[in-house]
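Subject: Handover of a structure for your study

Dear colleague,

Please find below the sequence and structure that I am handing over to you. I would be grateful if you kept both open while reading the notes that follow.

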Amino acid sequence: MSTIKIARGWLFAFALALLALPGSAASSDRLRVVATIPDLGTLAEEIGGEHVQVRSLSKGTENLHSVHVRPSMLIALSKADLFLEMGLSMEAAWLPELLLKAKNRRIEPGQPGFQNCSDGWKVIGVPLNLSRKEGDVHPEGNPHFNLDPEGGLHLAAKVHEALVRVDPMHREAYDRNYEAWKKRLAERSKRWKLIAKGLAGKKLVVYHSEYDYLAQRLQMDVIASIEPKPGIPPSPSDVAGVVKKMKAEGAKVILTAAWSNNRQIADIARKTGARVVELPNQVKGASWANDWIDLMDGIHTNLAEAFELELP
Ligand SMILES: [Zn+2]
């Protein structure tokens with residue numbers, strides 16, 4: 001027997017031994033999915049079921065535009081078979097360098113393992129000049145469509161499409177799980193439509209413009225964003241302007257995410273007698289936001305309570 005054949009034999013035996021290690025067979029069988037935010041991660045878990053293992057990079061309580069980068073993220077990305085991002089520059093400040101360092105060709109943009117989940121989405125808030133000039137963190141328009149009551153269906157469709165593309169062998173299971181998710185959504189969203197009727201026309205103030213899709217879908221009136229531009233902290237005169245406008249228009253509710261709930265918001269609330277409603281801006285951002293459907297359900301409940309509506 002030649003030396004090469006012997007070496008091949010050893011390699012084969014070594015590979016078999018690796019497969020026999022406890023736990024390695026099960027995890028190597030599954031598709032390794034990395035998602036930037038838990039909204040995408042939990043959808044991948046629900047639609048992927050037993051065929052995937054999923055890692056979400058953001059914890060759910062972070063500012064999506066400046067997620068804290070950890071070394072374990074690099075390891076997860078370097079091994080991933082499928083990568084899911086929101087896109088529209090949502091992750092532009094922290095992700096590109098991480099993807100570059102991961103050196104994983106399977107999940108490079110343009111490869112089957114890369115999925116921008118904003119593909120095909122109708123974007124609002126596109127600035128007239130496409131640039132990050134003056135620090136605007138929404139240069140391609142508003143990326144927070146995970147907070148649109150109709151955004152979840154778009155995200156689920158993209159996640160399903162990506163799973164089927166990368167792992168067509170399990171298409172039947174992905175189709176079945178996707179159909180079950182859509183059924184659950186249709187059932188749960190009946191309540192949201194009832195609450196929406198009571199919220200139409202109500203006035204709101206937000207800190208960051210992350211609830212614009214939500215307000216638009218619910219036909220609510222966002223009279224001001226406390227940030228003068230997305231990602232730009234307000235000056236004292238910006239704050240004074242918001243107070244003046246709220247008093248003139250009688251707006252009594254300020255919506256904010258936990259990461260941006262700060263002293264300026266408390267100050268505005270004190271001066272206007274407004275109620276501050278802290279909402280998650282992504283899945284896992286509150287104890288009740290376990291997945292996208294729970295997130296949207298809880299947002300509707302919290303809004304209804306803020307405006308003292310009767311809950312259906
Ligand atoms: Zn934003």
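How are the donor residues of the zinc ion spaced in sequence? They follow the pattern H-x72-H-x5-H-x63-H. Please note before going further that this is a predicted model.

The zinc site

The protein donors of the zinc ion are the NE2 atoms of His65, His138, His144 and His208, which lie 2.0 Å from the ion. The angles subtended by the 4 donor atoms around the zinc ion run from 106 to 114°. Four donors count as tetrahedral if all angles lie between 85 and 135 degrees, and the arrangement here is therefore tetrahedral.

The largest pocket

The largest pocket holds about 240 Å³ of space. Among the lining residues are Pro149, Glu150, Trp192, Arg217 and His300. By class, the lining comprises 6 nonpolar, 2 polar and 3 charged residues. Helix H7, which covers residues 171-199, gives the most to this lining, with 5 residues.

Leu185 is one of the residues that line the pocket, and it is located in helix H7. Is Leu185 buried or exposed? Its relative accessibility is 11%, and residues under 20% count as buried, so Leu185 is buried. Leu185 and Gly152 are 33 residues apart in sequence, while their C-alpha atoms are 8.8 Å apart in space.

Most residues other than glycine have a negative phi.

Leu88 has a phi near 55°, a positive value in a residue other than glycine. Leu88 is found in the loop between strand S3 (82-85) and helix H5 (95-102). With a relative accessible area of 9%, Leu88 is buried.

Gln219 also has a positive phi, of about 55°, although it is not a glycine. Gln219 is found in the loop between helix H8 (212-217) and strand S6 (221-225). Gln219 is exposed, because its relative accessible area is 59% and exposed means over 50%.

Yours sincerely,
A colleague

Key: Residues numbered from 1 in each chain as written. Predicted model: local features only at pLDDT ≥ 70, side-chain atom pairs only at ≥ 80, totals over all residues. Heavy atoms only, no water. 1 Å grid on protein atoms, 1.4 Å probe; cavity = no way out; pocket = protein on both sides within 12 Å on 5 of 7 lines; lining within 4 Å. Points joined across faces, edges and corners; volume = space filled by probe spheres on them. Helix = DSSP H or I, 4+ residues; strand = E, 2+ residues; numbered from the N terminus. Nonpolar A, V, L, I, M, F, W, Y, C, P; charged D, E, K, R; others polar. Donors = N, O, S within 2.8 Å, 3.2 Å for Na, K, Ca; no water. Tetrahedral: all angles 85-135°; square planar, octahedral: opposite > 155°, others 65-115°. Buried < 20%, exposed > 50% of the residue type's maximum accessible area, 1.4 Å probe, protein only.
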